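Please keep the sequence and the structure in view while reading.

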Amino acid sequence: MSLREAGAITGVGETKYMRGTDRTPISLAMEASLNAIADAGLKPTDIDGIIPYGMGAVAEDYVTNFGIADLRFSATTPMGGASPVASIQCAMAVIQAGICKHVLLALGRTGYSGSRIGNRVQQMPQFKTIGEFEMPSGAIAPPQLYAVMARRHFEMYGTTSRQLAEIAVTTRQHAIMNPRATMQRPMTIEDHQASRMISDPFRLLDCSMESDGAAAVIVSAPDIAKDLRKKPVIVMGIAEGHPDSPSAISQRPDMTTLGLAKAAPRAFEMAGVKHADIDVAEVYDCFTYIVMCQLEDMGFCKKGEGGGFVENGALGINGRLPVNTHGGLLSEAHMAGMNHIVELTRQLRGEAAVQVKDAEIGLVTGYGDLGDGSIAIMRRAA
Amino acid sequence: MSEVYDKLVPDPAADTKPFWDALHEGKFRLQRCADCKKVRHYPRPVCDACFSMNAEWVEASGRGMVHSWTITHHAFHPGFKVDLPFMLLTVDLEEGVRMQAQARGIAEGDLKVGLKVKVGFERVKADLTLAVFEPG
């Protein structure tokens, strides 16, 4: 038994992405969810399963606000930025089991106006180990924790900061063509190189932004999905993967390999597609380096060759593999990757702001919590 | 040693306290499986090689080689602002585990994978000593 094509994305929605709001994460999450439900042509009471992001609104908030009489399933997938895509796997499993018909995945956050990520990380139980053994040395925030992986990659494979800049610049080019994106100012490689150092080798423009807003996705049973308002986007392959030494990057045998390296072969096998079949990829981009590393871990190039792979606009809308066509976490908004699922769905419906021509098959990844990974491969409906 | 220490501090539990107690005595100890003798770090209840829950603490050399690093220029916590920029090393210890700590007395230009370092001890407040890495 496999989850191949056991679920379809039937609705997507978001709020306006902001940097500065007095609204609560719950209010934002409700708005995005209502937009996703309307996009699917459903009523809020049709939702019978909820997988909220691990922070902000909980399942009870949705039940109360939507008047859901009999919620049949709720769970969280505690994998940080890998959670939204991993939640698709969870949703498909409960759909295939016959528990649910329409599962809502939603995230609302005030990453800009609320407490900053650098402060939150210390309070999270999955960071207990590094909280005791690494944070007292001053290694507290993701840019520092992940910079060590990038430095190792630089030293082992000759990867350069200018290669990472290519990712930031290409992503910004997409954002400028997407009215939903926060970052609209053009960026050059020189701008990236001149941006201030945060934690070597990461400069400011290697880092994603903090955002306020929400995004939501509906996963539905495929037999019902075909009769809804929009053409469904079918999930062909789905997987999550956890890296070696998941709670401390320092102890990971190969710190240049992420959990996605375990998940990606499973997802490709389930989907029955090859890399050359992928028309568009929305790749979790908390940092430029993480995009490059995931392209290697998925097998688009060999380990160590990611720097060369991303050069010369290869990830651009007209490049060999269009990546983060919405502007990603780097330039659209930091919605922990829920916005990447929203974007892939729009690409495969043919309704994206920056549309890859004739996109038929695409993938979306998640990454978080020091190395957890997730991947979904999707196709447009026939 | 400053009067007010406003950086993050460890909150040791039964499984990890011997590590911190040893550092505070100027000794560098690692946890080892009492049955199959595999050294593990960071300290935890179960040996992942033989699943034994019997552990012991052994004196370690403190010698190692740089595996990777970052130099932090931005204060993510107000307590560390005075240290900026600071160098964080991830080090392969001779005992086969890694450790992460701030560097002391190492120039940025000398950093490379394989650079030899050794553990040093910094008493940062009355009840806390942190490990650092010094030229080895």
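## The second largest pocket

Helix α5(A) gives the most to the lining of the second largest pocket, contributing 5 residues. The model is a predicted one, and in it this pocket holds about 890 Å³ of space. Its lining is made up of 40 residues, of which T129(A), S247(A), Y42(B), P43(B) and R44(B) are the closest to the centre. The elements that give two or more residues to this lining are α5 (128-133) of chain A and β2 (39-40) of chain B.

Sorted by class, the lining residues of the second largest pocket comprise 17 nonpolar, 10 polar and 13 charged.

## The cavities

Rolling a probe the size of a water molecule over the atoms shows where empty space is left. In this structure there are 4 cavities of 30 Å³ or more, and the largest cavity has a volume of about 70 Å³.

Which residues line the largest cavity? From chain A they are E134(A), A139(A), Q144(A), L145(A), V148(A), I249(A) and S250(A), and from chain B they are T90(B) and Q100(B). Helix α6 of chain A, which spans residues 142-157, gives the most to this lining, with 3 residues. The class division for the largest cavity is 4 nonpolar, 4 polar and 1 charged.

## Helix α6(A) against helix α11(A)

Two packed helices are described by the angle between their axes and the distance between the axes. For α6(A) and helix α11 of chain A (residues 288-298), the axes come within 10 Å and cross at roughly 60 degrees; the two helices are therefore oblique to each other. The crossing of α6(A) and α11(A) is left-handed.

On the side of α6(A), the contact is made by M149(A), A150(A) and H153(A), while α11(A) brings Y289(A), I290(A), M292(A) and E296(A). The residues of this contact divide into 5 nonpolar, 1 polar and 1 charged.

## Helix α10(A) against helix α11(A)

Helix α11(A) also takes part in a crossing with helix α10 of chain A (residues 260-271), where the axes come within 8 Å and cross at roughly 50 degrees. Helices α10(A) and α11(A) are therefore oblique to each other, and their crossing is right-handed.

Here L260(A), A261(A), A264(A) and F268(A) of α10(A) meet Q294(A), D297(A) and M298(A) of α11(A). By class, the contact of α10(A) with α11(A) has 5 nonpolar residues, 1 polar residue and 1 charged residue.

Terms used: Residues are numbered from 1 along each chain as its sequence is written. Chains are lettered from A and ligands numbered from 1 in the order in which they are written. This is a predicted model: local features need pLDDT of at least 70, side-chain atom pairs count only at pLDDT 80 or more; totals for chains, interfaces and linings use all residues. Side-chain values use heavy atoms; hydrogens and water are left out. On a 1 Å grid over the protein atoms alone, a cavity is a set of points where a 1.4 Å probe fits but cannot get out, and a pocket is an open set with protein on both sides within 12 Å along at least five of seven lines; lining residues have an atom within 4 Å of a point. Grid points are joined across faces, edges and corners, and a volume is the space filled by probe spheres set on the points. Helices (H or I, at least four residues) and strands (E, at least two) are DSSP runs, numbered from the N terminus. Ala, Val, Leu, Ile, Met, Phe, Trp, Tyr, Cys and Pro count as nonpolar, Asp, Glu, Lys and Arg as charged, and the others, Gly among them, as polar. Axes are lines fitted to C-alpha atoms, for helices over the stretch in contact, and angles run from 0 to 180 degrees between N-to-C directions. Angles under 35 degrees count as roughly parallel, over 145 as roughly antiparallel, 65 to 115 as roughly perpendicular and the rest as oblique. A crossing is left-handed if the near helix is turned anticlockwise from the far one by less than a right angle, and right-handed if clockwise. Contact means heavy atoms within 4.5 Å.
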